[in-house]
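Thank you all for coming this morning; I would like to walk you through one structure slowly, one element after another. Please keep the picture in view while I talk.

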Amino acid sequence: MTTAIAYTEFGGPDVLHEIPLPERTPSADEIAIRVAAAGVNPIDAKLRSGKRPSGEITEPRRVGADGAGVVTAVGADVDGFRVGDSVAFTGVSGAYATEIVVPARHVYARPARVSAAEGAALGIPVSTAYQALRSLGVGAGDTLLLHGGSGAVGQAVIQFAVLWGADVVATTSDRRAERVRELGAIPVAYGEGLADRVREAAPQGVTVAIDAAGTDEALETSLELVPDRHRIATLVRGRDAAGLGIRAFSGGSPQPLTAQQLTWRAEAMPVAIALMIAGRFSVELGPTFALADAAEAHRAVEAGVDGKITLVP
């Protein structure tokens, strides 16, 4: 029997429960996938709790945007995939499931070198990082100040930016500094005196900043150090961006992404997968939970853990 995780009211992790689903045959442009792993993102918990507005709940609302698995059926108009292919997917609704049927445009080939857990961990983090960097025009000659360097999005930002020739200074805890350094960034500790520590780490100055932490400190330090506010973006405090004169991508921003930005988000998955095959990109995996234990997974993501949490049906 096909099952999925859903909720019928906003609240804590305990509102999540497993529901049965009817069998579905993919339509002409869809692919059916047996899910091997689903990625747990912080946005999943924010939507479930109601912290991120998402409209009235009128029927069981399924959870999860990212996953990986094996193709079980292919729609008549779909090219490039066949039954038995290993794939990853993102940008869907209801990835926390044993089976899922999704539009083919959201599905990407997953070579054997990329595990199901790794494929499920890519989605939102790499799409967000890639699109933000492209939107800000980050490249050779830039020094990027990144707030929140050790999270899944932050780690993706560091890797893309370094590959594209930028220098990166990333804020992090002392405990996570080594991981940030391994990825190619200069780690600096959060807390009082941050701006001075960034100046010491980047005496050449900072040209661009990305806030993946959402703190007042992150925004204030970026405004202090980056001359051009059009090259400061927040991924968390979208509703504050206009008043500060900076940019916002997702993170509660009232402004939708442009067609070009959506195109960049779609490009991110195949780019990241190709880099993983070449040994030039990695994801840090964290705890794994059974699908039925989705509530525990949400408690973990809200508490904060090292690495990306995944669910396994």
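Let me begin with a term: two strands pair if DSSP finds at least two bridges between them, and the strands themselves (E, at least two residues), like the helices (H or I, at least four residues), are DSSP runs numbered from the N terminus. What we are looking at is a predicted model, in which local features need pLDDT of at least 70 and side-chain atom pairs count only at pLDDT 80 or more, while totals for chains, interfaces and linings use all residues. Residues are numbered from 1 along each chain as its sequence is written, and side-chain values use heavy atoms, with hydrogens and water left out.

I start with strand β3, residues 30-40, which is largely enclosed by the rest of the structure because nine of its eleven residues are buried, where buried means under 20% relative accessible area, exposed means over 50% and partly exposed lies in between, with a 1.4 Å probe and protein chains only. Which strands pair with β3? With strand β7, residues 99-103, β3 pairs in the antiparallel sense over five bridges, and there Ala-32 stands opposite Val-101. With strand β5, residues 66-74, the pairing is again antiparallel and runs over eight bridges, Ile-31 standing opposite Val-74. Strand β16, residues 308-312, is joined to β3 by three bridges, also antiparallel, and here Val-40 faces Ile-309.

Now please turn to the open sheet of six strands, which has the order β11-β10-β9-β12-β13-β14 and parallel pairing. Its edge strands are β11 (186-189) and β14 (247-248), each of which pairs on one side only. Within this sheet, five bridges join strand β9, residues 143-147, to β10 in the parallel sense, and Thr-143 stands opposite Asp-167 of β10. Helix α2 packs on the sheet, touching β9, β12 (208-211), β13 (232-234) and β14, and its direction makes about 150° with that of β12. Helix α3 packs on the sheet as well, touching β9, β10 and β12, with a direction that makes about 170° with that of β9. Touching here means contact, that is, heavy atoms within 4.5 Å.

How do these two helices meet each other? The axes of α2 (residues 116-136) and α3 (residues 152-163) come within 8 Å and cross at roughly 45°, which makes α2 oblique to α3. Axes are lines fitted to C-alpha atoms, for helices over the stretch in contact, and angles run from 0 to 180 degrees between N-to-C directions; angles under 35 degrees count as roughly parallel, over 145 as roughly antiparallel, 65 to 115 as roughly perpendicular and the rest as oblique. Among the residues that meet are Pro-125 and Leu-133 in α2, and Val-153 and Phe-160 in α3.

Is Arg-176 buried or exposed? Arg-176 is buried, with a relative accessible area of 8%.
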